[in-house]
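This report goes through a protein model with attention to its strands, its loops and the confidence of the prediction. Please keep the sequence and the coordinates at hand while reading.

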Amino acid sequence: MYAVFASGGRQHRVEVGNLIDVEKLDNAVGETVTFPSVLAIAGEDGQLQTGTPYLDNISVTGEVVEQGRAKKIIVFKSKRRKGYKRKSGHRQSYTRIKITAIGGEENTTNDAEEVESDGT
């Protein structure tokens, strides 16, 4: 089973247990992140469902593993025969996420209600 979701202007194809890097999110390490903008989902039987543009009541859930920065990229500008040279660098921040669940939002709310009803 896999899903395709959008985050940070990019689309990611993920399965449960994958580690992915997305644009920096404002979540601490260990927190749970939910991505509601799921574009497509494929079941165990290979049946593909696509949204227009997103699927309703489907989300991808993950846990923040790391907040980091990528390797430095050198940006070099020059104009030939003019003596113009500029060198700078850039390090992109990212959030590494481990995918924990793919599925409907209604399933997680039903589980929470059953736990509450058992305790009272």
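Leaving aside its neighbours within four places in sequence, which residues is Lys72 in contact with?

## Lys72 and its surroundings

In this predicted model, Lys72 lies in the loop that links strand 7 and strand 8, and, once its neighbours within four places in sequence are set aside, the residues in contact with Lys72 are Gly89, His90 and Arg91. A further relation across the chain is that to Ser88, which is 16 residues away in sequence, while the C-alpha to C-alpha separation of Lys72 and Ser88 is 9.9 Å.

Despite these contacts with Gly89, His90 and Arg91, Lys72 counts as exposed because its relative accessible area is 55%, above the cut-off of 50% that this class requires.

## The hairpin of strands 8 and 9

Strand 8, covering residues 73-79, runs antiparallel to strand 9, covering residues 84-90, and the two are joined by seven bridges. Within this pairing Lys79 has Tyr84 of strand 9 as its bridge partner. The two strands form a hairpin in which four residues lie between them, and in the turn Arg81 adopts a positive phi of about 65 degrees.

## Partners of strand 7

Strand 7, residues 58-69, pairs with strand 4, residues 32-35, through four bridges in the antiparallel sense, and here Gly62 of strand 7 is found opposite Val33. Strand 7 is also joined to strand 10, residues 93-104, by eleven bridges, again with the strands running antiparallel; in this pairing, Ser59 has Gly103 of strand 10 as its bridge partner.

Four strands make up an open sheet with antiparallel pairing, in the order 2-1-5-6. Strand 2 (10-14) and strand 6 (48-50) each have a single partner strand and stand at the edges, so one side of each remains without a neighbour in the sheet. From one strand to the next, the twist averages 15 degrees.

Strand 1, residues 2-7, is paired with strand 2 in the antiparallel sense over five bridges, and Ser7 has Arg10 in strand 2 as its bridge partner.

## Confidence of the prediction

The chain has a mean pLDDT of 88, with 87% of its residues at 70 or more. Residues 105-120, by contrast, have pLDDT below 50, and this stretch makes five contacts in the model beyond near neighbours in sequence. Where pLDDT is low, predicted coordinates should not be read in detail.

Key:
Residues are numbered from 1 along each chain as its sequence is written. This is a predicted model: local features need pLDDT of at least 70, side-chain atom pairs count only at pLDDT 80 or more; totals for chains, interfaces and linings use all residues. Side-chain values use heavy atoms; hydrogens and water are left out. Two strands pair if DSSP finds at least two bridges between them. pLDDT is the predictor's confidence in each residue, from 0 to 100. Contact means heavy atoms within 4.5 Å. Buried means under 20% relative accessible area, exposed over 50%, partly exposed in between (1.4 Å probe, protein chains only). Axes are lines fitted to C-alpha atoms, for helices over the stretch in contact, and angles run from 0 to 180 degrees between N-to-C directions.
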